[in-house]
Amino acid sequence: MKRSSIVVRTTAFAIGLFALWIGSAHAQDPAKATLPASETDPATPAAGHSVHGEAFNAGPRRKARIMPGMGKVDFAATTKSDDARAFINQGVAQLHSFYYLEAERSFRQAAWYDPNCSTAYWGMAMANVNNAKRAKGFLKKALEVAAKNPPSRRERLYLSAMEAQYRETGDDKSRRQGHLTGYETIVQEFPADLDAQAWLAMIAWSNAGQDGIGSRQAVDSLIEGVLRVEPTHPGAHHYRIHLWDGVKPERALKSAALFAPSAPGIAHAWHMPGHTYTGLKRYADAAYQQEGSARVDHAAMTSERTMPFEIHNYAHNNQWLVTSLGHVGRVREAIAVARNLVDQPRDPEKNNVQDGGSAQRSGRARWSETLVRYELWDDLIAATLAGELDWSTTPIEQKERFYTLGLAYAAKKDKSKLAEQIEGLKKLTPGAKGGLSNQIDQAIAELEGYAHLLEGRIGPAFERFSKATGMRSEALARAHIEARNFGFAEVSAKTGADRRPNEVPALAAYVEILAKVGKLEEAKREALKLSEIAANADKDIPIFERLAKLGAPVSTPRSSAETDEAGPHRINLEPLGPLAWAPFEALPLELADTDGKRWSLADHKGKNVIILFYLGRTCAHCMQQLELFGKEIEAFKKLDTTIVAVSTDDQATSKALKQNKEGVLFPMPILPDPELKVFQKYQAYDDFERSPLHSVILVDAEGKVRYQKTTPDPFLDVDFLKGETARVKRIVASKNKQ
């Protein structure tokens with residue numbers, strides 16, 4: 001059988017498995033039991049805090065399930081529990097694809113089944129590679145458990161390698177070397193351990209990037225050895241893509257084709273092949289992979305009721321999708337995904353205003369970039385002035401706001417509005433430093449060049465353009481056409497097309513310039529190339545409309561995406577999940593209040609609702625939370641927002657709190673839930689320790705959950721929620737106008 005046939009069959013089986021997406025859990029229900037008392041700390045923790053220590057406070061505290069499409073691994077662990085072993089295997093597979101949230105959940109589930117399995121706690125540490133403090137806390141727990149319940153020699157070596165990674169002595173380089181040496185020892189003593197070989201390859205690649213380049217080919221040989229034994233090993237494919245990314249992406253083509261079929265239920269397994277195809281300028285294939293990534297992520301978020309900001313690399317994956325869609329001319333979808341990133345839930349810790357990697361900043365950057373590249377000037381102006389792009393007040397984003405608006409007004413020949421944007425940029429200059437200062441200077445130079453051009457001052461215009469070294473070649477070519485510098489226009493357009501091969505905007509601009517300078521035969525020849533890469537492009541956009549008028553229409557032939565053996569096996573991606581994130585429906589909530597009257601969430605459709613889950617009258621911080629929100633209840637009413645509190649207390653205790661004589665007002669309805677049924681339904685509950693948790697939930701006027709944060713301590717940032725509620729109100733109103 002040919003390898004391509006194997007790929008097809010493997011993909012079909014894996015995708016079919018993932019499409020089921022059944023919420024199966026093991027027969028034993030973890031929510032019905034707790035860890036043995038002997039495993040708890042002697043001191044009673046604060047309400048909402050884990051009995052196992054600080055590291056366990058954050059992260060997933062809801063039970064795991066066996067999920068389809070995570071990847072195939074067989075990681076031996078010392079445990080008598082088959083259930084623990086199943087979740088350890090799942091967690092290891094998830095680690096290999098950087099699915100860290102679910103990996104930690106899997107290992108927590110394993111520890112629930114077998115609290116004496118040190119590998120379960122080691123896995124929790126592995127899932128916190130981006131949080132050294134928590135990783136060290138889990139490692140400490142793993143070592144404590146291992147001391148009482150000795151694991152195998154192999155598992156002990158894994159712990160030793162991690163100890164070297166996080167030891168307090170020595171510098172970073174020595175710790176990295178100790179970590180690497182630890183994995184070399186595992187591979188030497190246990191040559192059949194494929195996971196150790198895959199991780200050794202990853203560590204060697206990672207260390208080389210920090211300490212000097214080693215031999216990529218040697219690392220690749222290690223990966224190849226894993227794949228000879230297990231052709232679908234997710235880590236081997238993943239790390240090979242990283243190994244050759246940006247260097248020789250063609251060396252990773254086989255793994256790019258096989259990574260998603262090896263772990264079809266993990267978005268990152270779809271995303272990473274996009275790196276390879278982007279490096280080879282195969283943007284149709286890159287867009288296909290990134291679209292699969294987005295759809296898988298969104299399906300999982302809906303199924304698990306997860307906020308986007310909880311997923312590692314989510315913003316990165318989706319902003320790359322926008323870029324890939326833009327390269328092939330799928331403009332409307334690119335804008336929809338970018339706008340979705342801007343509209344998504346925010347969090348004061350995970351994606352605040354200063355967070356350069358946040359979904360919002362990525363979304364704004366890609367949305368405005370797409371509008372500029374495809375000259376959708378009216379759309380850009382409208383989205384900016386209506387606040388839909390929602391630029392923050394940080395200098396770097398204000399620079400983008402003034403610059404992109406300036407480009408739009410220059411294209412529309414609005415001199416006064418263009419001048420306003422130039423002045424706005426100049427006001428940013430005094431406080432700017434380093435790279436930002438240079439970016440502002442270049443933006444000013446380009447916009448001033450357009451201002452001169454509108455006044456007919458050709459020489460000064462191009463003198464300023466020469467200072468704008470970041471100016472797009474196609475924009476410079478159009479400026480030359482405006483000045484009737486036909487030769488320079490052609491050279492600039494060709495330069496842009498050569499520098500950005502297979503990108504629709506650059507090649508379309510070159511075709512247009514060739515037609516405008518009268519080189520019709522050359523224009524037709526380049527238009528044929530454009531037809532190939534723009535097979536699925538939106539044609540109702542300015543550049544294609546102008547090309548049609550110039551006699552260089554772009555046809556829409558059958559997609560010419562690469563079909564070589566190493567290319568992705570295409571399937572219909574729509575069944576995997578939605579292209580964009582959507583808030584999930586709030587679950588029914590109906591309880592009696594302190595007066596015995598029925599309170600139902602369904603009765604509050606048309607208003608925003610903030611639900612505060614608090615841990616009773618004896619929780620001092622909970623009382624602080626209720627008081628803070630109570631003082632702002634009128635401000636929330638002005639935002640058409642109702643606040644309701646759900647308590648662990650019984651009816652009598654809750655009523656006494658409402659009628660307290662201390663003068664503290666709790667004006668919001670309080671709903672007693674002593675049996676914790678609503679706490680569990682809304683995931684304000686630790687399934688592993690059978691204890692309630694603090695949680696805050698924002699439900700919009702349409703009954704959709706727009707924000708959810710479950711934490712060991714009460715959420716006290718009232719100002720954040722006021723701002724987020726106002727923003728959600730605008731988003732819903734804008735959506736309903738469309």
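Which helix is lysine 426 found in? The answer opens point 1 below.

1. **Lysine 426.** Lysine 426 is found in helix α19, which covers residues 415-428. The model is predicted. Lysine 426 is partly exposed, with a relative accessible area of 37%. Beyond four places in sequence, lysine 426 touches Ile444 and Glu448. With glutamate 448 there is also a polar contact, side chain to side chain, at 3.2 Å. Isoleucine 440 is 14 residues from lysine 426 along the chain, and their C-alpha atoms are separated by 7.9 Å.

2. **Confidence.** The protein chain has a mean pLDDT of 90, and 91% of its residues reach 70 or more. Residues 1-42 are another matter: there the pLDDT is below 50. The model still gives this stretch 79 contacts beyond near neighbours in sequence. Residues 557-565 also stay under 50. For them the model has 14 contacts beyond four places in sequence. Read both stretches with the pLDDT in view.

3. **Strand β3.** How many of the seven residues of strand β3 are buried? Seven of the seven are, so the strand, residues 608-614, is largely enclosed by the rest of the structure. Its side chains point two ways. Asn608, Ile610, Leu612 and Tyr614 point one way, while Val609, Ile611 and Phe613 point the other way. All of these are buried.

4. **Partners of β3.** Strand β4, residues 641-647, runs parallel to β3 and is joined to it by seven bridges. Here leucine 612 stands opposite alanine 645 of β4. Strand β8, residues 694-699, runs antiparallel to β3, with five bridges between them. In this pairing isoleucine 610 stands opposite leucine 698 of β8.

5. **The β8 and β9 hairpin.** Strand β8 also pairs with β9: six bridges join them, and they run antiparallel. Serine 695 has threonine 710, in β9, as its bridge partner. Five residues lie between the two strands of the hairpin. Glycine 703 in this hairpin takes a positive phi near 80 degrees. Strand β9, residues 705-711, is mostly covered, with six of its seven residues buried.

6. **Helix α6.** This helix spans residues 153-166, 14 residues in total. From first C-alpha to last it reaches 20 Å, close to the 20 Å expected at 1.5 Å a residue. Its buried residues include Arg154, Glu155, Leu157 and Tyr158. Leu159, Ala161, Met162, Ala164 and Tyr166 are buried as well. What covers them? The cover includes α4 (118-126), α5 (132-148), α7 (172-189) and α8 (194-211).

7. **Threonine 119.** Follow α4 to threonine 119, which lies in that helix. Threonine 119 is buried, with a relative accessible area of 4%. Its side chain joins that of glutamate 155 through a polar contact of 2.5 Å. Glutamate 155 is among the buried residues of α6. Leaving aside neighbours within four places in sequence, threonine 119 is also in contact with Phe75, Ala77, Ile88 and Phe107.

8. **Nonpolar cores.** The largest nonpolar core has 74 residues. Trp367, Leu425, Leu447, Tyr450, Phe465, Leu530 and Phe544 touch the most other members. Take tryptophan 367. Beyond four places in sequence, its contacts are Ile335, Ala338, Arg339, Val342, Ala383, Glu388 and Leu389. Apart from this core lies another, of 72 residues, and among its members are Ala111, Leu157, Ile223 and Ala263. Leu157 is also one of the buried residues of α6.

9. **Histidine 242.** Is histidine 242 buried or exposed? With 16% relative accessibility, histidine 242 counts as buried, because the cut-off for buried is under 20%. Histidine 242 lies in helix α10, residues 234-244. Not counting residues up to four places away in sequence, histidine 242 touches Phe98, Trp205, His268 and Met272.

10. **Threonine 495.** Helix α23, residues 486-499, holds threonine 495. Threonine 495 is partly exposed, at a relative accessible area of 25%. A polar atom of its side chain lies 2.8 Å from the backbone oxygen of valine 491. Threonine 495 and glutamate 474 are 21 residues apart in sequence. In space they are 8.6 Å apart, C-alpha to C-alpha.

Notes. Residues are numbered from 1 along each chain as its sequence is written. Side-chain values use heavy atoms; hydrogens and water are left out. Buried means under 20% relative accessible area, exposed over 50%, partly exposed in between (1.4 Å probe, protein chains only). Helices (H or I, at least four residues) and strands (E, at least two) are DSSP runs, numbered from the N terminus. Two strands pair if DSSP finds at least two bridges between them. A polar contact is a pair of N or O atoms within 3.5 Å; within protein, one must be able to donate a hydrogen and the other to accept it, and residues adjacent in sequence count only if both atoms are side-chain atoms. Contact means heavy atoms within 4.5 Å. The expected span of a helix is 1.5 Å times one less than its number of residues. pLDDT is the predictor's confidence in each residue, from 0 to 100. A nonpolar core is a set of buried Ala, Val, Leu, Ile, Met, Phe, Trp, Tyr and Cys residues joined through side-chain atoms within 4.5 Å.
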